[in-house]
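Please keep the sequence and the model at hand while reading.

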Amino acid sequence: MPEYKKFDRSGGAAPRRQSLLDEIKELDVRLLSLVSRRNYLMGKAASKRKQKGLPLGDPDMERRIFETWTAEAGNKKFDVKTARRVFEQLNNLAYAAVAKPEHRKLSTYILSPPHKPVDVTFDGPGSLLQSKLWIALSAAAGAESKMAPLCVNDEITELIKALNQAGAHISWDGEMVESRSGDGIEFEEKLIFAGDNAMTMFLSIAFGLKTVGKFKIAGGPILKQFDSRPLAEILSPLGARLNTLDLQSHGLPARLECGGRMASSIEISEDIPAEFVAALALAAWTYPQGLTFKFNEEWHGLDLLQEVVDVLNKCGVKAKLTETECVVPATKDISVPEEPAIALEPELCSALLAIPAFSGGQVTINGFWPKSAVAEDALQTLKAGGLEINISKGSITATKGETAEAPSFDFGKAADLFPIGLALAVNSRSECTVSNISDAVMFEQGIELLERLGIKYERGDEELTVLPGRLKWDEAWSAPTPFFGIALGLLAWIRPGISIENPGDLTDLWPRYWTLYNSLPEINGLKDPEVKKKDESKTRRRIKIN
């Protein structure tokens, strides 16, 4: 608080109150001190990501932090949209302190695709979830198998490295992952680095439960902030305990202690992460009595369990799933196929199939389309944007069709496609409704994109009405998620010259994205850029002069 001089009762003049300017300056000194502390903490996480070759910004961490901003904005009478911009500038201030001086100003990538109808055919990236399930199962069974083409991004490579630390023999080359025969995986007394993806941690815990003993799990900045307390609800009846090693945190690093009597049946509540339940189901065949999961009807993780049960059944494990129960029996007879069939990644492939709506022509992705709620909702998003979809046994093709007069987009379980739906809504050049946007942070990010494009809109609680208008673009934008980056690439057909500050984030999702985008309009199979070999004849020689 400002300090005032004590009132002089001897008859002197009363002290003057601190001026408005001085009070603001005093507040700013305190504010800058808090910002400095925030920069230090944000910089610690950014530095560790930089050491791993990752982007400085962590979208998941930023999303969690901004939830506090959203909650407090109403109480403090701040406009959420303005608060979002202040939040991003604060983050950039922290990241600038970590970046090298010559990299403080982020380079931008200008998007100007060719204005010709596309004719594209390529082998699509495999489902990330199915890839993780098959890789972990191959490692646990010590099986020989080859999986391709996969979306071999950081999530996949971190899982492979974690399993190899437990004794697996898995390698990758381009879009192929290969598992060699071995004795399976063993976690006792080992240190497993799970990276930044929760599924890697979940799978390590799930397969580590089968052995009496203990092991440690470490992780990156995201998993250090993970709240592991809900896991105790399941781990306790399974005879295990996860002890975090940082007393100030509920995340990693942690030590898993196993060895108590394992229950043969557990109840699943809504607080338990669905991915953790899926990991346990995948590993349950290794438990002494197997495991039965019980849950309420319409439990949100039913689709994930269906994926797991399908994989186990293909390996001879007689797992069963009903609307309220999943049963995985114990067995030692498991047979992993030499070349497991992995479906296409539905949301990523849908984003790529949206291209003809903007460019004309057609896009064909080789691979089989999955049968899941996410895949079905993704197709509905494309059809609402005026695309005609043709699914055959080994491919899916999208061509430009007729757009409805007043399209309506409801993403259902394909929530990542929200930015793509916004781009399709703008492309329709008519009034559109975009609904079922449950992620509050993504909702505000979508509004910011519309404002940058100069598109008028009307907002509701979880829906937007997008109004037709002419696009504008003033400056580069750091896409908050890779799907926002893909949306910018689509919108560049309408407004060439749109620029993105973080093109590398799209490569983190799918390493071949820019190979595809920069090879348009005609592609018949994606090829890696040729590496120029050094001309041996022009090698410089040292000449000794006496």
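## An enclosed helix

Helix H14 (residues 418–427) is largely enclosed by the rest of the structure, because ten of its ten residues are buried. The model is a predicted one, and the buried residues of H14 include Phe-418, Pro-419 and Ile-420, as well as Val-426 and Asn-427. After H14 comes Arg-429, which has a positive phi, near 55°.

## Aromatic pairs

The structure holds 16 aromatic pairs. One of them is the tilted pair of Phe-202 and Phe-276, whose ring centres are 5.3 Å apart and whose planes make an angle of 50°.

A second pair, Trp-514 and Tyr-517, is edge-to-face, because the planes stand at 85°, with the ring centres 5.6 Å apart. Trp-514 and Tyr-517 are three residues apart in helix H18 (residues 513–519), and so are separated by about one helical turn. Trp-514 is buried at 12% relative accessible area, and Tyr-517 is buried at 6%. Ring pairs also join Trp-514 and Tyr-517 with Tyr-109, Trp-493 and Tyr-513 in a cluster.

## Arg-84 and its partners

Arg-84 lies over the face of Phe-66, at 4.0 Å from the ring centre, and also forms a salt bridge with Glu-88, in which the closest N and O atoms are 3.7 Å apart. Because Arg-84 and Glu-88 are four residues apart in helix H3 (residues 80–98), about one helical turn separates them. Both partners are buried: Arg-84 has a relative accessibility of 4%, and Glu-88 one of 18%.

## Other salt bridges

A search of the whole structure finds eleven salt bridges. In one of them, Asp-303 and Lys-413 bring their closest N and O atoms to 2.8 Å. Asp-303 lies in helix H10 (residues 302–314) and Lys-413 in the loop between strand E17 (408–410) and H14, so the pair ties together parts that are 110 residues apart in sequence. Asp-303 is partly exposed at 30% relative accessibility, as is Lys-413 at 45%.

Salt bridges that share partners join Arg-241, Arg-255 and Glu-257 into one network.

Note on methods
Residues numbered from 1 in each chain as written. Predicted model: local features only at pLDDT ≥ 70, side-chain atom pairs only at ≥ 80, totals over all residues. Heavy atoms only, no water. Phe/Tyr/Trp six-rings, centres within 6.5 Å; stacked < 30°, edge-to-face > 60°. Helix = DSSP H or I, 4+ residues; strand = E, 2+ residues; numbered from the N terminus. Buried < 20%, exposed > 50% of the residue type's maximum accessible area, 1.4 Å probe, protein only. Lys NZ or Arg CZ within 6 Å of the ring centre and 35° of its normal. Salt bridge = Lys/Arg side-chain N within 4 Å of Asp/Glu carboxyl O.
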